Amino acid sequence: ASARFGMIPHLKGNAQGSDGKIGDDFVEVKTISPWKINPVVYVKRSGHFNKLIVVKINEQWIFDARIVDRTMLPKGRVAKKIQVHWDSKALSQSI
């Protein structure tokens, strides 16, 4: 996320709700590892972030990443977490 999008990680390891910043935007980073059966990540709705970066690592350790604005994520209030699939419409329309 830092190399591809210029994210500056938070210096404190305990910054809740985000992993770093890009400009004035707080960013949450989620990873899909090669061992994961389904290419899905879960993000807390209560998290303090404006942008989500999803990093996917394949079996050959090749990294791909997509960034999306929080406003493009699925809406709803029932679940505490948002489920985001790698092939979702929100990530395919990433910025």
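Let me start with one residue. Tryptophan 61 has a relative accessibility of 48%, so it counts as partly exposed; the cut-off for exposed is over 50%. Keep in mind that this is a predicted model.

Where does tryptophan 61 sit? It is in the loop that links strand E5, residues 51–57, to strand E6, residues 63–69. Those two strands form a hairpin with five residues between them. Within that hairpin, tryptophan 61 has a positive phi, near 65 degrees. As background, most residues other than glycine have a negative phi.

Now the strands themselves. E5 and E6 pair in the antiparallel sense, over seven bridges.

Why is E5 described as largely enclosed by the rest of the structure? Because six of its seven residues are buried, and buried means under 20% relative accessible area.

Last, the largest pocket. Its volume is about 160 Å³. The lining has 14 residues, and the closest to the centre are Gln16, Gly17, Glu28, Lys44 and Gly47. Two elements give two or more residues each to this lining: strand E3, residues 25–32, and strand E4, residues 40–44. E4 provides the largest share, three residues. By type, the lining divides into five charged, five polar and four nonpolar residues.

Conventions: Residues numbered from 1 in each chain as written. Predicted model: local features only at pLDDT ≥ 70, side-chain atom pairs only at ≥ 80, totals over all residues. Heavy atoms only, no water. 1 Å grid on protein atoms, 1.4 Å probe; cavity = no way out; pocket = protein on both sides within 12 Å on 5 of 7 lines; lining within 4 Å. Points joined across faces, edges and corners; volume = space filled by probe spheres on them. Helix = DSSP H or I, 4+ residues; strand = E, 2+ residues; numbered from the N terminus. Nonpolar A, V, L, I, M, F, W, Y, C, P; charged D, E, K, R; others polar. Buried < 20%, exposed > 50% of the residue type's maximum accessible area, 1.4 Å probe, protein only. Pairing = 2+ DSSP bridges.
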